[in-house]
Amino acid sequence: MSDIVAFRNATKAFRGVAAFRNVDFTLRRGEVHALLGENGAGKSTLTKVLAGLYPLTSGEMLVEGVPRMFASPADALAHGIAMVFQETNLIPSMTVAQNLFLGEEAFFNRLRGVNIRAQQQLQRLSFHVEPTALVSSLGAAKKQMVEIARALQRHARVLIFDEPTAALTPEEKQHFFALIERLKTEGCSIVFISHALEEALAIADRISILRDGECIVTDEAGNFTRGRIIQAMVGRKLKDELYGSPSRRRARPAGRKVLALENVSMGKAVRSATMSVFAGQVTGMFGLVGAGRTEMMKIAAGILKRDFFHGGSVRLNGRSVRFGVPRHAISRGVAYITEDRKLDGLFETAGIAQNIFFGKLFKGANPATVVTLSQARREAAEWVERLNIRTIREDAKVVELSGGNQQKVVIAKSLIQAPELIIFDEPTRGVDVGAIAEIHSMIQQLADAGGAVVVISSYLPEIFAISDRILVAKQGRIVEEMSIEEATEEKIMYAAVH
Amino acid sequence: MARPAIIRKDDRPPFHARLLRSQEGIVFSLAVLAFVLFAILLPGFLSTGNLLVLVRSVSILGILALGMALVVIARGIDVSMIATMVVSVSWAFVITRAGYSFELALLIGAVFAIAAGVIIGVLIAFGDVPPIFATLAAGSVIYGTGRTFFFTLEMQNVPPDTDWFSVIGQGNVLGIPTTVVFFAVLCGLFHLVLSRTRFGWMLYAMGSNPNAARVTGVPFRPMTVAQYAISAFVAYLAGLILASSAAAINARLFNSTMIYDILLVVVLGGIGLNGGHGSVRNVVLGTVFVGILLNGMTILNIDYTVQNLVKGIVLLLAIVVDSIVNPRDEQTSQQGDL
């Protein structure tokens, strides 16, 4: 009996729509099992059933050979199954130690005793986290460590990770991989969901691929190649490399200078950044998390304000500007397409057509302008077609769409404003493989049409695939600039890290 | 994506099932049920006189709820409406007695109400004060200012020699009470504004996702100020109609549960306090249901305290039923990474 967890013919449906159906999935004792698939394939739902967040609709789940149905995450944890969440589940205003023992405190607690026990636990795992530090002061990687320590504290033998490396820097990723190895030797079984195929190939023992709610294949990781995984994920023969190989194409010539930041500063996030963006080409901005790329572009788009004193200058088409609110930037032809659709991209209670039309509507000035839903549908239809937004129903709410289609709606909402400077912040984050290619080709079209396009991305292959010119940000500055012809991965990483 | 194709007509649940799946449908059914029950059980309920009283009293509540709905759709709340209403109207009456012409006094009252709304709006838009606290505190300030500086008597009668004024609240147009006509006209106006103008669509966008609205180019602060100015002005209009129909306005309304009745109408009608959805239809529905309920209980001669208890329970039930019928969807909140 080497399977610690087994799903037999399992189905989970939400209101009749199956998130996954007839899935057989096994997790062996002490293995690292990667779950791969496009967004909407059912990976997260499968692991959430295992972690006790949802019950199965049909089929059964065996834990150590016994059929079980967990009523709650606590119930799952009692049987040794813990999930480490994408958005961490810690309480930011409490200390690390308090978080570690959350829910199992004695009636009276001595903070000192709790801290000592926490210290022992953390040291045993060789996590360098101060037990008395507030969780809110920790970075993503350390928060993850605390979550893992908390799960192990409760004697979890099965750990589930959902996109564990998404928020980590390359260095932290290496630590994380080492940690996975160590957990494995301690006898933990690990399920992890990832969009990074190389990671899965590197650290998983076995890989399962889900597509449209069905488990397409489960096999030893050694039997997979990148091409085979992508093919299984999308179910069609893509050209193996979705992203073009480096330096394959020639850079477009730079047009007129559209945006220039000169010694722009904002608090500690942006420190004297200087950069330019030209019409008719794509400027890729690479940098590690926290390099200040997003902040620089948000200043250009009027969402953040640069320092009032010694804040430097921002020039748009040669004229110095200081935008008080995003509205002013929009009326001057600047569009910022957010990296976080849920936070400041989508209007979740409105339909697709309305979401897109809102962009055009709000650019105007007169509040008494008369609008109708049919007008909104008409105006949006063009963009739905141009960006190939696919929907279940015409009047579907945006929350019912897949990540890729949601992203296209957000893009359409900005493009309908006819901007000349278009800033994409992580345009393919949480987007399925098929939609990535479509979004990339849209970006190229914009540049071909003479638009000044900026793409912020933390993913090097993406930067190589679409940029004509590459800027590298580090610690609030632009530290390196190169054209696509002279760029190599090593050069970029060297500039970003050192 | 192999998702189910377009849902065909005959796949949809039957009408009665769909009716009971939405909060609107439930409230509508309850309103009809209450009406039929009262009509059968209460002898005086269906009399013309009583129905007139019902629609008249309900209209004022409905007008106030329209102003509240506008703010709630944009994810705000205005609990200062009653204070604005009683103080601005009372003050208009007081200065008429002091020698101003009645028309000028009414204008001053309107200016006062709008100014109060603008100040509240500025506090919320520029001071980042949460709307519930800003309006709660502002309501006390407005009422306190009124009672301290503008007038001392609680009861302010409509000034003499203003016959035309009584028409607003007591007259009839083609047999329909003018209060109802006012309510209907305002409903039409609000419906047009909310569903057909850029202003209205901006309100929905602000309620749906304030961050996205700002980034998309909504003039966020001016819009916020405008909302509270409008709700204050609507409160003033409702106050005039109320004063006209009762020939006086009573400042003690500020201490009554009226503001909760307004919220009851808005929430019960199905305009979620989270903003971004709901329409005039929801206000009308909520108004009718609350009106029938209050009128029936009054005829039954139920004690005022017990009436409040019933209203409270209905409000709680509405919220609970809403969250059962429209659960915080396990799927919708997680859609991106199923």
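How many of the 338 residues of chain B count as buried, as a percentage? The figure is 44%, where buried asks for 20 or more other C-beta atoms within 10 Å of a residue's own, exposed means 12 or fewer, partly exposed is in between, and the C-beta atoms are placed from the backbone. Keep in mind that this is a predicted model, in which local features need pLDDT of at least 70, side-chain atom pairs count only at pLDDT 80 or more, and totals for chains, interfaces and linings use all residues. Residues are numbered from 1 along each chain as its sequence is written, while chains are lettered from A and ligands numbered from 1 in the order in which they are written.

Staying with chain B for a moment, you'll find 14 helices and four strands there. Those are DSSP runs, numbered from the N terminus: H or I with at least four residues for helices, E with at least two for strands. If you take the contacts in chain B between residues at least 6 apart in sequence, 78% join residues at least 24 apart; a contact here puts two C-beta atoms, placed from the backbone, within 7 Å.

Now over to chain A. Its domain assignment, which is automatic or from a database, gives domain 1 (3–234) and domain 2 (257–497). The C-alpha centres of these two domains of chain A lie 33 Å apart.

Let's look at some sheets. One open sheet of chain A has four strands in the order E12-E11-E14-E15, with antiparallel pairing; strands pair if DSSP finds at least two bridges between them. Strands E12 (270–278) and E15 (319–321) of chain A each have a single partner strand, so one side of each has no neighbour in the sheet. From one strand to the next, the twist averages 25°. Six bridges join E11 (residues 257–266) of chain A to its antiparallel partner E12(A), and A:Val264 has A:Ala273 in E12(A) as its bridge partner. Helix H9 (residues 293–300) of chain A packs on this sheet, touching E11, E12 and E14 (313–316), at about 115° to E11(A). Axes are lines fitted to C-alpha atoms, for helices over the stretch in contact, and angles run from 0 to 180 degrees between N-to-C directions.

Another open sheet of chain A has six strands, ordered E16-E17-E18-E13-E19-E20, with mixed pairing. Its edges are E16 (334–337) and E20 (477–483) of chain A, and the twist averages 20° from one strand to the next. Five bridges link E13 (residues 282–287) of chain A to E19 (residues 469–474) of chain A, running parallel. Helix H15 (residues 433–448) of chain A lies across E13, E17 (421–425) and E18 (452–457) of chain A, at about 150° to E18(A).
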